[in-house]
Amino acid sequence: MQILKLLSEEVFDFSRDQMVTQKVKTMKESLNSEFAAIYHLCEFILEHSQRPSLLKVTLQTLQRFLTWIPLGFIFSTNLVDTLLNKFFPEQQFRNDTLDCLTEIGSLSDLEPEYDPLFRKLFSGFLARLGSIFSPETNLVLPFENGSEEDCIFIQRLALFLSGFLKAHLKALETPDTQQSLITGLFYLVRVSEVDDVEIFRICLEAWHMLAHDLYQTENEIKARSGGNSVLNLGSNGSCSNGAASRKYMYGPVLTGVRQVMIAKMAKPEEVLIVEDENGDIVRETTKDTDVIAQYKTMRETLVYLTHLNCDDTESIMLSKLTGQVDGTEWSWNNLNTLCWAIGSISGAMTEDEEKRFLVTVIKDLLGMCEQKRGKDNKAVIASNIMYVVGQYPRFLKAHWKFLKTVVNKLFEFMHEVHPGVQDMACDTFLKIATKCKRKFVTLQTDERVPFIVELVDTMPTIVSDLEPHQIQAFYEAVGIMMSDKGPAVTVDRGELLKKLMTMPNRRWQEIMEGAKANVESLIEPSIVKEIIKILKTNNKTCGAIGSIYAQQLQTFFMDLLNVYRVYSERISLTIAQQGPGATQLSLVRTMRSAKKEVLRLLIVFIQKSGPPEADPLAVAQGFIPPVLDPILGDYQRNIPNARDPEVLTLFTTVVEKLKGHVLSEVPKIMAAVFECTLQMITVNFEDFPEHRIRFFEFIRAINTHCFQALFNIPPEHQKLVVDSVVWAMKHTERNISDTGLNILHELLNNVAKTPDIAQGFYQQYLLALIQDVFAVMTDRLHKSGFKMHATLLRQMFHLVQMNQVTVPLFDPTNAPVGQTNPSFLREHISNLLIQSFPNLTRSQVSKFVDGMFDLNMDLPSFKTHLRDFLIQLKEFSTEDNSGLFGEEQDAQQRQQLEAQQAHRSAVPGLMKPSEIIDDDL
């Protein structure tokens, strides 16, 4: 028996990745033909043996074979009866028997003729289970105090019920087995309640499937009957057809499921405060991806359950909240799971239901925060208030007084020194500012001025206890509010920005005054760190507020460049004195961080620039000339290890955003960064990965937006540009090789549109480019780029075939009379392929090359032609060529994602508020 068990595992369980499909199939067929003998041996032992150890191993062996044996051995024999009536009642065999029954019960996608047999199995199983414990039995304590065998039994019961219901739910929805189905579900509710994460996750899959299935049914009924929506499925609507009764049939079970979901709700990732193993409330340090995934499934399940009966969900939640307020059920865990569940159903109620529900919830939570004593208690309540209000922007937007109360409460929490509370307060404030920004910058009922005016005035007090990163988040939130330029916004945004930046500007001014007296003060580590903080605050504000930030940047732009120059010179001096290793010195690294923050601020400003405050022409004229020497000159002069890749990002952004306005400056920019960066990245494929990708993005930006500038640089640099694109194409990093292919495609398109340079370009580069693309396509390392390889080859071959290349691609002095570019290229490529792939015959090559020149081939046909050729190459024949079909696989994945997204968008509440784009903002 042990040998047979191991054999089944070897062939069907452990061999999936090691054994070729044909071998598995052959062995399976062999075992199938011999299984009668195996089955009769098992049957004989189960009927006649009295040895428990032999019976146990026989049941275990049988379980391994049940996943694949012919169905006749299961349903045309007395196997099921033997398992149910002889072995399941015996405690020593119960768990192994349940394993066998789980395998049988989970068999799916079978013919309808098997449904009665599954119904009989399910009813018989429940009858036997009822003699062990009833569906009303609370299993929490028995599981906690039970033996290891008892715990394994509960886990396997979860697997049986969950697997059976997922496979045969519809088959059990008959008048005869309806009661058995409901009983089975009540058993699953009891199993779901036990305190074991793995068991709960098994049950959760079944509950998610059931809730989704019932929601879909209700939705279809509503659609057929012309109902407006499924938002209020808890109402007593009279649906006459049979399907409508499904929801009501499951009603009592679903109430139990809702209670379990609410009591066991997993922690959302927005909550930063957790209870550690010592029972202390601390700030979370790492994200648990399993818990996040569980929360997502539980959230979706609870949203479906809320749609199915909103009143029941609300009633359970408010009842549990009452238990928290009056103290009868108070505990950190009970309050946490309840509030996480309340936050998770945002959007699943109608606005009126949501208003009624949330007014009670928020009032009770705020009241608890005032009443409860103890630092940890207050921290737990605070984190739950913040999580709940952050999930309901629709309610807050519609109720200004609640919104104002909530925000003022957040300001209180910002003075709470408990770890995590301040972070959550800033995060929640940022979330609310993003979703409700117009409420803060327009005049509200019973208010003297817009809220933001008071906020900016009292800001020093509000942020007085916050850490630098929290202050930066606060500035970002206020910047987002001020970014609203809607017609109802009447505040003076420029004046508000000036007031908002008073604190960082005052500190900046103090530092600059000190530098005027002694420039060495800028090198003090504490001052460098202060400068970094100020720049980060400006960066967050600029990214949030948009182009009006130009007014703030003007106040310290030249100071900024001077600080950059001072740090650049000091870093260069230190490296000159102490060698390249100086880049690792603490002070040098801090000064480089400050330089990077200057660059990041300028990058964000350029990205956000736009009329009327920062017109592209004005930015190009006022911004570019002053930065050329401090930034570009420093980059060019420094040693490779001290060059910041952010410089390349900055000038990529400049070209992408300002386009033709910087055309005249591009040759200067390229002269400073091009050759020195190319020398850094062409030594090998590994060093300077950041510079590598940023460099090619820079080339792509110039090619796209300032193409003409590529031919205003010296010819040797033009050749370097093309060589660098080829180098990128050959790169083993996929994102870099893809960028190189895209640059070449765009370059060829731009050249074709520019007749005065096209022919010279073709004569110098076209033949070499065709060879390079062929080389990359056939090197077996770049299969993922196949779509673009095909696009480029088709483009270049068709250029030649259509006689758009009028200059000779060959040397006219050595060419035969009457030689043309198409005939030359045809012969050249044929010889190249025969030399490179000796296993190809001349007729194969000739047929392939003919196809390359066929102007009637569209891109899909051309790709098929190329793919067929590659697969017949000896080098490709023994490889995994799925990469050549990457485009089709990507398209399939995209379609699946789009279908999922469409479904999530169609069900109110499935998308988090943060994922929804508001049309009115």
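This is a predicted model: local features need pLDDT of at least 70, side-chain atom pairs count only at pLDDT 80 or more; totals for chains, interfaces and linings use all residues.
Residues are numbered from 1 along each chain as its sequence is written, and side-chain values use heavy atoms, with hydrogens and water left out.

Now, cavities: on a 1 Å grid over the protein atoms alone, a cavity is a set of points where a 1.4 Å probe fits but cannot get out, and lining residues have an atom within 4 Å of a point. Volume is the space filled by probe spheres set on the points, with points joined across faces, edges and corners. We get three cavities of 30 Å³ or more.

What lines the largest cavity? That's Tyr39, Cys42, Glu43, Leu46, Glu47, Leu62, Asn78, Leu79 and Thr82. By class, this lining splits into five nonpolar, two polar and two charged residues. Helix α2 gives the most, five residues; helices here are DSSP runs (H or I, at least four residues), numbered from the N terminus.

On to the second largest cavity, at about 50 Å³. Leu710, Phe711, Gln718, Val721, Val722, Leu747, Phe761 and Tyr765 line the second largest cavity. Here we have seven nonpolar, one polar and no charged residues. The top contributor to that lining is α33, with three residues.

Conventions
On a 1 Å grid over the protein atoms alone, a cavity is a set of points where a 1.4 Å probe fits but cannot get out, and a pocket is an open set with protein on both sides within 12 Å along at least five of seven lines; lining residues have an atom within 4 Å of a point. Helices (H or I, at least four residues) and strands (E, at least two) are DSSP runs, numbered from the N terminus. Ala, Val, Leu, Ile, Met, Phe, Trp, Tyr, Cys and Pro count as nonpolar, Asp, Glu, Lys and Arg as charged, and the others, Gly among them, as polar.
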